[in-house]
Amino acid sequence: MAYDLKKALSCPERFAPGHRLCAGCGAGITCRAMMRAVDPGDRAVICNATSCLEVSSFQYPFTAWEDSYIHSAFENASAVASGVEAAYKVMKKKGKVRDTFKILAIGGDGGTYDIGFQSLSGAMERGHDFTYFCYDNNAYMNTGTQRSSATPRFASATTTPPGTESVGKKQNQKDLTKIVVAHGVPYAAQTTLLGNFRDFHEKARRAIYTEGPAFVNVLSPCPRGWQYPAERLPEILKMAVDTCVWPLYEVVEGEWHLTYEPRKKLPVEEFMRLQGRFRHCFKPGNEWTIEEAQKYVDKKWEELLKLCR
Amino acid sequence: MSIRDRLSGNEAIATAMRQINPDVFAMFPITPSTEIPQYFAQYVADGRVDTEFITVESEHSSLSACVGAEAAGCRAVTATSSAGLSYMNEVLYCAASARLPIVLAVACRALTGPININHDYSDSMAERDSGFIQIYAENNQEAYDNYLQAHRIGETPDVRLPVMICEDGFITSHALENIELEEDEAVRAFVGEYRPENYLLKHENPLAVGPYGTSPYYMEARVAQAEAMKNAKRAILEVAADFERTFGRKYGFFEEYRMEDAEVAMVLMGSSAGTAKAAVDELRHQGEKVGLVKVRVFRPFPGEELAAAMKGCRAVAVLDKSEGFSACGGPLFAETAAACINMDARPKMIDIVYGLGGRDFTVDQAMDVFARLRRIVRTGETGPVYSHMGQRDLRKGDMPYGL
């Protein structure tokens with residue numbers, strides 16, 4: 001059935017308004033879109049890592065989640081999801097559950113790339129039937145923008161500030177999606193919040209309705225950490241994909257497919273220019289940082305094109 | 001009809017688990033608890049249980065998976081020891097505060113360092129404030145019986161707390177002893193079905209677990225949890241009474257051994273009680289009024305009851321099989337002494353830390369402790385309140401292996 005944004009938006013919201021996320025935050029948009037990908041007739045259990053999302057969406061006695069939801073710690077969303085999935089299987093077998101439940105886990109890049117990496121890897125390797133959504137905002141935002149392994153090189157974070165001896169973060173972003181693919185999972189994808197959400201919706205649906213572990217990495221900006229005015233979120237994300245900083249692709253049973261190829265690949269500085277976290281890169285004498293960033297994006301893009309050929 | 005068998009503590013616990021047939025078992029191996037999931041894996045392989053057996057990548061994840069499964073509406077279990085229990089630390093608090101009656105078998109083992117695989121209580125004592133109910137066994141029979149009671153205690157509606165069933169690493173976990181097992185059907189009838197009121201997979205309503213509790217709400221949640229632990233005292237005795245009616249073996253918060261007119265007494269836990277009882281018998285034979293209290297339930301701590309048991313004693317030695325590094329005594333001493341603080345006639349009390357990392361505890365040592373207590377009664381002098389027993393003096397050249 002063809003994707004129709006109007007129709008998708010006409011379904012009852014499963015991530016309710018009234019949560020305490022910032023205006024211009026990608027996480028809330030990610031959650032709404034994620035929940036739109038679950039069939040209205042199906043139930044869901046959301047397993048959330050400690051994060052901005054958790055403290056903003058389930059602050060006692062309020063919850064933004066219309067479905068069942070569990071949070072316990074920062075690093076264990078995938079392990080909790082493993083337990084929920086095992087419980088679902090055994091309770092289904094014993095006739096104690098009649099509904100169809102989809103098990104979703106969601107964490108930020110801190111809870112996914114870093115502290116939650118072990119439990120993510122374990123759950124992916126074991127093959128539990130669940131979908132992990134990472135809302136990657138490129139740093140530990142809940143604690144105030146400390147660098148993570150998802151922070152791009154040269155970005156300013158509170159633990160990688162630019163200074164006389166520093167031009168921001170020293171390392172490139174860890175390629176987590178590729179690492180997850182190496183687990184041999186049936187489905188993994190990179191997407192973001194673009195236009196009519198077709199790309200997100202189709203990947204999320206495919207992930208959720210693929211049997212076995214699936215992974216969706218969502219570039220999901222943070223206005224505080226990236227330093228942009230809330231209304232520029234769509235523009236920044238469009239630039240992220242048109243510069244190939246965040247390529248959109250999916251890997252289905254080991255087959256790589258590019259899902260978006262910019263008509264004209266734009267220079268990476270067009271992405272960087274929109275955000276305060278790269279401001280120092282544009283200072284006289286730091287031109288080389290933009291050149292280096294470009295070289296890295298080009299190299300990764302060529303690699304990806306080869307994989308998708 | 002009971003079945004007479006010969007089993008290790010680990011196999012006794014695994015047998016109890018098989019009979020209960022939990023919904024989810026999440027495992028990660030660590031000595032000396034590893035055999036429990038190994039036995040269980042064979043039950044799964046042979047189709048003797050319906051359990052989903054998840055072989056996770058760490059203890060943090062084994063307990064996290066139990067949290068997910070129990071919240072989803074299942075009975076979830078796991079087992080661990082030592083560093084594994086320490087690695088679960090964060091999730092122990094999550095499980096208890098989310099009021100999930102998971103049952104965790106612990107084969108108690110020393111914590112690093114130096115690294116050591118043998119018995120003491122440094123692992124479980126480090127988690128005494130995690131919010132888990134803690135029940136300790138002297139032998140394999142008690143480990144089995146405690147396990148059979150655990151789910152019902154934890155699942156009691158006004159309790160809803162997770163339970164640690166503790167056995168002594170190697171001493172109980174690995175040694176073969178005679179045991180009376182109960183029939184599978186009798187166990188299943190005793191333990192019953194798990195019927196949580198709310199759970200993630202419930203049809204009628206969704207459930208949200210694990211909120212951010214801001215200052216206006218956090219304290220109420222903690223007080224409710226503290227009340228639940230108080231309620232656990234009643235639940236433990238109720239379940240023990242039903243256990244005695246059903247299977248004929250009697251349990252309480254602690255066992256009083258020849259305490260009826262005891263002037264001096266020892267308070268201790270676990271397998272050491274068997275050794276100390278031999279010393280009590282010997283001294284009683286000689287006409288000495290000595291007794292012992294073996295603490296079975298450490299959380300909730302039966303303070304009032306323990307104080308009542310020691311009424312009439314003139315000197316008491318608490319034996320701590322873990323070092324708390326407080327520089328003034330171990331955890332069992334701290335709790336026992338606190339329990340006695342409002343007694344009208346308090347006994348003199350000393351703490352002896354012993355048996356660390358599997359160091360043997362002997363009848364002779366127990367005799368020495370009683371001799372020390374008699375001297376305290378005779379002289380009125382307590383002497384050192386906190387001391388260690390059984391260590392060599394390396395400064396005096398008391399080295400092992402002739403070094």
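Predicted model: local features only at pLDDT ≥ 70, side-chain atom pairs only at ≥ 80, totals over all residues.
## Two helices meeting in chain B

Which residues do the meeting? From helix 1 of chain B come Asn10(B), Glu11(B), Ile13(B), Ala14(B), Met17(B) and Arg18(B), and from helix 2 of chain B come Glu35(B), Ile36(B), Tyr39(B), Phe40(B) and Tyr43(B). Seven residues of this contact are nonpolar, one is polar and three are charged.

## The buried side of helix 8 in chain A

Now for helix 8 (residues 198–208) of chain A, where Asp199(A), Phe200(A), Lys203(A), Ala204(A), Ala207(A) and Ile208(A) are buried. These residues cover an arc of only 140° around the axis, so they sit on the same side of helix 8 of chain A. An α-helix has 3.6 residues a turn, so residues three or four places apart point the same way.

The buried residues of helix 8 pack against several elements of chain A, including helix 2 (26–36), strand 3 (101–108) and strand 6 (214–219).

## A closer look at Val216(A)

Strand 6 of chain A contains Val216(A). Is this residue buried or exposed? Val216(A) counts as buried because it has 28 C-beta neighbours inside 10 Å.

Leaving out residues up to four places away in sequence, Val216(A) touches Thr131(A), Phe133(A), Ala189(A), Thr191(A), Lys203(A), Ala204(A) and Ala207(A). Among the buried residues of helix 8 of chain A are Lys203(A), Ala204(A) and Ala207(A).

Notes:
Residues numbered from 1 in each chain as written. Chains lettered and ligands numbered in written order. Contact = placed C-beta atoms within 7 Å. Helix = DSSP H or I, 4+ residues; strand = E, 2+ residues; numbered from the N terminus. Nonpolar A, V, L, I, M, F, W, Y, C, P; charged D, E, K, R; others polar. Buried ≥ 20, exposed ≤ 12 C-beta atoms within 10 Å, placed from the backbone. Arc of directions from axis to C-beta.
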